[in-house]
Amino acid sequence: MNKKTRNTILNILLVALVVGLLCFFQSDTSSHSYAISIIERSVIYAVVAVAMNLLNGFTGLFSLGQAGFMAIGAYVTAILTIPVEMRDSVYYMNGIAGWLHDLHAPMVVALLIGGLFAAAAAALIGIPILRLKSDYLAIATLGFAEIIRAFLAAPMMDQITNGSYGLNNIPGFKNIFQPVALAVICIGIMVLLIISSFGRAFKAIREDDIAAEAMGINLFHHKELSFVISSFFTGIAGGMLAIYMRSIDTKTFQVMLTYNILLIVVLGGIGSVTGSVIGSFLINGGQEWLRFLDDDTFKIAGVHIPLFRPGFRMVVYSILLMVVVLFWRRGIMGTNEFSWDGLFGLFKRKKKKVSAGGES
Amino acid sequence: MSATTFAQHLLTGISLGGAYALIAIGYTMVYGILRLINFAHGDIFMISGYFMIFAMASFPWFIAIPVALIGTVILGVVIEKAAYKPLRSAPRMSIMISAIGVSYLLENLATYLFTAIPKAYPEIPFLKKILTFGGITTSLVTLLTPVLTVVLVVLLMQLINHTKIGMAMRAVSKDTEASRLMGIKVDNTISMTFIIGCLLAGIGAILYFTDRMTVYPYSGSLPGLKCFVAAVLGGIGSIPGAVIGGFIIGICETFLVAFGYSTFSDAFTFLLLIIILLVRPTGLFGEAATDKV
Amino acid sequence: MAENVLHVENMTMQFGGVVAVNNLSLDVNRGEIVALIGPNGAGKTTAFNMITGVYAPTNGKISFKGEVMLENHPQGKMVKNYLGENDGRYDKIIVKTPDQITNLGIARTFQNIRLFKSLTVFDNVLIARHMRSKANVFSATFCLNKKEEQENRKKTLELLRMVGLEKEKDEIASSLPYGKQRRLEIARALATEPELLLLDEPAAGMNPQETDELSEFILKIKKDFHLTVLVIEHHMELVMSISDRIYVLDFGKLIAQGTPEVIQNDPKVISAYLGVQEDE
């Protein structure tokens, strides 16, 4: 059979496998709660990572404001989905604003509105900020994320965001398919954008913005587009995070969150969507299977390792980021995406190495 | 607000500004020479605080202070050699991510080693001595900080403008390759820049934390960003500019807190940054550079 | 009399205290190949940068196809520091970004090749078609513009064939040899469907044979694409063989203009730039 048919069949098989796996986990949620939790968190972070990659990796705009846009999406989603009957108890200190009390939306609508708010904020912020050089853009977006956080926690916002008390009683996902489907759709749209004419224009800006401009690409218009779209999906991911965590406050959205996403993007490969997804699963999965690093009672072969105590896992992650940046800049995927040809090529090369080794 | 209260706040602001100025100098010098925003500078300042805590636990203050300062300087130089030097020819994004990575590492390392619970900063006996004059009550450290800042800056300007190493620093800031061709030892010059920057940050840490009284892993994160804003406000690359920027931000922050807007004092600093970048990106004393097309 | 395509009037560029281009006036008419020559640092690329909107001229006016495209006069600090001429002659301020100027029909190549290095040869040219697409981001993302996308791909392939780079279409741009990179840059500029093409030292780094091929190439694309060409060049054989008229710049000022024969014999040009043949 030719390559195209082979690839189509393989794709169908892969999708069937994934769906089957999800059904398997969903069938017995209590014994698979760890796995479900990891999968849900991984897909949420994958969406932000791809959105960050769209901005940083594909358009070359180094923005560190992700935590701020996630906060907007999270708060809007939370506010709209907390059940009306619970609201008075959630806003117990200062009460909820009258017009907000009965305003409720189903999950998907709330997520979309959260994304739109984040996009609107990005549109406004973009106007002054996008003409700055890369280093300044990074600091300015970081600054805006902090301003957003201060704004959400401000006393005068108490009746809307519950100020510094945070929001709880956010209804969670009904099953594992909801977040996975949402993530697939979000990432799918971003991939379509990247392979479209506009995606190519973004890459041109990344490669050489002066040449891109000379080829008729309006820099501000396209940078703003990339920024707004990236922030839209970042906001949706923030909303999904709120639903996953069921309670949020502004401390959830400190700069550390952005740095964690940056780690995922760098590890997976700046400029690779597949890499961001893989990176997200590795880092979030790592939270579980590297858990022993934080455990001061853990023993290897009966020997107690004095290094292992709470906080060590994050140190290991930090060292990992430094190692990747210094010695393995391209990350896992470099700028490549997943392809069946690529995968088979990888195995062929490994086989060649083995057989060549055997013969000599 | 009465005159004495105003004067009291002004004094506090100038003192805070002095500490900020010392840290801001580190940012502006490193940016001038490497075109890098050293995201980790604020965290080096934080680790310096911890060094002091451990030094004071083992030595009397007149030994502890030099030990802590030397430790800070060594940390800065190690970071430069390990995390920045290998990436000098790499694309800009890589070295920025490296700086972020160092910041990330230092914060997580501090959380791991010292826990997130704030640790008490030791008292250096004479610094906390209370003085009163003209209706104003203050501690010695508050008065000492701006004075010490000005003295150190004057010394630094002497170094930059009248010594060989200073000239080397100015040359490398302008054109690294040409400096290398002229026989200047670029690596040593860059190390020297970090040594001075970290030394000043270490002194700033002593003055700042003596007032604050506690250190925790994120103590340096926000002050670090604020000091970067101070450096931009003054004109990135300009040392007098960084000092003036530091004082302006210190005073503004103090008065904002005094007027009851403490939740906004951090946001205000970032708002200031954005306004500067839009209205006058070169800052108060910086020079504009045009790109050759 | 051929239609005037580009009219540059009293264009001056002053950076700080340095006047890089001083009161330059030139015209390019439909179908002509006009050359701008002069020693290094004479201000030729600066002139290109003003015409294409990278720099706003300190003073002067530029018209394209009879309509004023750019106009400026000294402002702010420059009012006191202006060292050029014709101060006060222009009162309007018309500024355009480079992409707006490309949209009007002026395309350019760069002195130091500015290809999209890590993208393929094909994508380099395809990207230049983006500005001519009518699709907005939604229709492009959701593949509603399939016809336009296919059209663009077809045109890109045609262009690559015309410049002889069809076989290398999937190669990474930076892996091409220097001469091919220059041809790719020209193909990319042509993809924007320009009427006026600005070439900045297209023969730089080429040997005599490659330069001859380039001469043929420029004449061919001029004919096939109905172009008007303004070229900066140091290779005198190329300049003299294909130019209809030549402008000579020295220290930012125009010192001579005319046909190749006139320029070759102009003493000012010879002493400033061309050099005198040594008698043995």
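Residues are numbered from 1 along each chain as its sequence is written, and chains are lettered from A in the order in which they are written. Because the model is predicted, local features need pLDDT of at least 70 and side-chain atom pairs count only at pLDDT 80 or more, whereas totals for chains, interfaces and linings use all residues. Helices (H or I, at least four residues) and strands (E, at least two) are DSSP runs, numbered from the N terminus.

**Interfaces of chain A**

- Chain A brings 32 residues into contact with 31 residues of chain B, where contact means that the C-beta atoms of two residues, placed from the backbone, lie within 7 Å.
- On the side of chain A that touches chain B, α7 (134–153), α13 (255–268) and α15 (312–327) of chain A each supply at least two residues, and the largest share, 11 residues, comes from α7(A).
- That side of chain A has 25 nonpolar, four polar and three charged residues; Ala, Val, Leu, Ile, Met, Phe, Trp, Tyr, Cys and Pro count as nonpolar, Asp, Glu, Lys and Arg as charged, and the others, Gly among them, as polar.
- Between chains C and A, 29 residues of chain C are in contact with 21 residues of chain A.
- The side of chain C that touches chain A draws two or more residues from each of α3 (98–104), α4 (121–127) and α5 (137–141) of chain C, with the largest share, four residues, coming from α3(C).
- By class, this side of chain C divides into 13 nonpolar, nine polar and seven charged residues.

**The six-stranded sheet of chain C**

- Six strands of chain C form an open sheet of mixed pairing in the order β6-β7-β8-β3-β9-β10, two strands being paired if DSSP finds at least two bridges between them.
- Because β6 (106–108) and β10 (253–258) of chain C stand at the edges with a single partner strand each, one side of each is left without a neighbour in the sheet.
- From one strand to the next the twist averages 15°, with axes being lines fitted to C-alpha atoms, for helices over the stretch in contact, and angles running from 0 to 180 degrees between N-to-C directions.
- Strand β9 (residues 245–250) of chain C pairs with β10(C) in the antiparallel sense over five bridges, and C:Val248 has C:Ala256 in β10(C) as its bridge partner.
- Helix α11 (residues 267–274) of chain C packs on the sheet and touches β3 (33–37), β9 and β10 of chain C, its direction making about 120° with that of β10(C).

**Helix α12 of chain A**

- Just after α12(A), A:Arg246 takes a positive phi of about 70°.

**Overall form of chains B and C**

- Chain B has 11 helices and four strands, and its C-alpha trace spans about 60 × 45 × 35 Å along its principal axes.
- Buried residues make up 51% of the 293 residues in chain B.
- Chain C has 11 helices and 10 strands, and buried residues make up 43% of its 280 residues.

Key
Buried ≥ 20, exposed ≤ 12 C-beta atoms within 10 Å, placed from the backbone.
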